[in-house]
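Reader: Could you show me the model and walk me through the labels you put on it?

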Amino acid sequence: IFSFCFCCCVLPMPVEVCSDQGHKAEAVFFDLDDTLYPRNRVIDDIVNERITSYLVMKLKIKPENCQLFRDRLHKSYPLTISGLVGEGHLRVLAALGCLNIFDGVIDLLAMGVMSPKPTRDAYEKAMTAATVRDPSKCVFLDDNLNNLRGARAFGWTAIHVGSPEFAERDSSAWDFSVSSVLDLPRVMPGLF
């Protein structure tokens with residue numbers, strides 16, 4: 001699954017990241033799905049049912065062929081599908097009651113970036129949008145080890161959010177690991 005969106009907090013003053021280097025962050029980037037909020041299987045099922053219903057009613061596709069059609073569509077047009085998902089992120093943040101916490105949602109597709117996380121281009125564009133020049137001043141929270149590995153290779157501090165058992169599969173992908181964003185004060189006490 002490709003992700004083209006970051007939620008971004010540009011910090012009014014550098015905040016210390018808990019590490020032996022004691023470096024300070026100027027921007028904190030959050031992934032959304034399974035990081036900022038847990039994915040909800042009930043909601044996923046409802047969305048899938050509505051998509052199937054739409055395909056059956058509007059496009060006259062047989063129900064048993066809908067998943068194959070969706071898979072082909074996603075394979076042929078991944079950027080379009082990801083873009084549609086990205087448009088819903090502001091609504092999700094508003095529904096979570098945390099839209100006002102973030103300085104913005106960085107939608108890479110809207111910026112003309114055709115390379116999703118974990119490509120270097122995605123991280124560079126996110127930094128540009130947040131007006132941060134030094135990668136070591138960026139912190140990134142995600143549940144996806146590939147995205148974290150890419151951010152870390154680019155010089156960002158990578159914080160895994162989610163199951164500790166999953167994180168242990170590749171501890172080289174992250175600098176810190178927390179079970180939930182609610183545990184963030186443990187690794188970034190200056191933020192709170």
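Author: Here is how the terms apply to this protein. It's a predicted model, where local features need pLDDT of at least 70, side-chain atom pairs count only at pLDDT 80 or more, and totals for chains, interfaces and linings use all residues. Residues are numbered from 1 along each chain as its sequence is written, and side-chain values use heavy atoms, with hydrogens and water left out.

Reader: Why is Tyr54 called partly exposed?

Author: Its relative accessible area is 47%. Buried means under 20%, exposed over 50%, and partly exposed in between (1.4 Å probe, protein chains only), so Tyr54 counts as partly exposed.

Reader: What makes the nonpolar surface patch?

Author: Tyr54, Leu59, Phe69 and Leu73 do, over about 350 Å². At 47%, Tyr54 is over the 30% mark. Helices α1 (41-59) and α2 (66-76) each give two or more residues to the patch.

Reader: Which elements cover the buried residues of α6?

Author: They include α5 (120-129), β4 (138-142), β5 (157-161) and α7 (164-167). The buried residues in α6 (residues 145-154) are Leu145, Asn147, Leu148, Gly150, Ala151 and Phe154.

Reader: What is found just after α6?

Author: Gly155, with a positive phi of about 110 degrees.

Terms used. Patches are made of residues with over 30% relative accessible area and no salt bridge: like charges are joined within 9 Å, nonpolar side chains (Val, Leu, Ile, Met, Phe, Trp, Tyr) within 5 Å. Accessible areas come from the Shrake-Rupley method with a 1.4 Å probe; for residues, only the protein chains shown count as cover. A salt bridge is a side-chain nitrogen of Lys or Arg within 4 Å of a carboxyl oxygen of Asp or Glu. Helices (H or I, at least four residues) and strands (E, at least two) are DSSP runs, numbered from the N terminus. Contact means heavy atoms within 4.5 Å.
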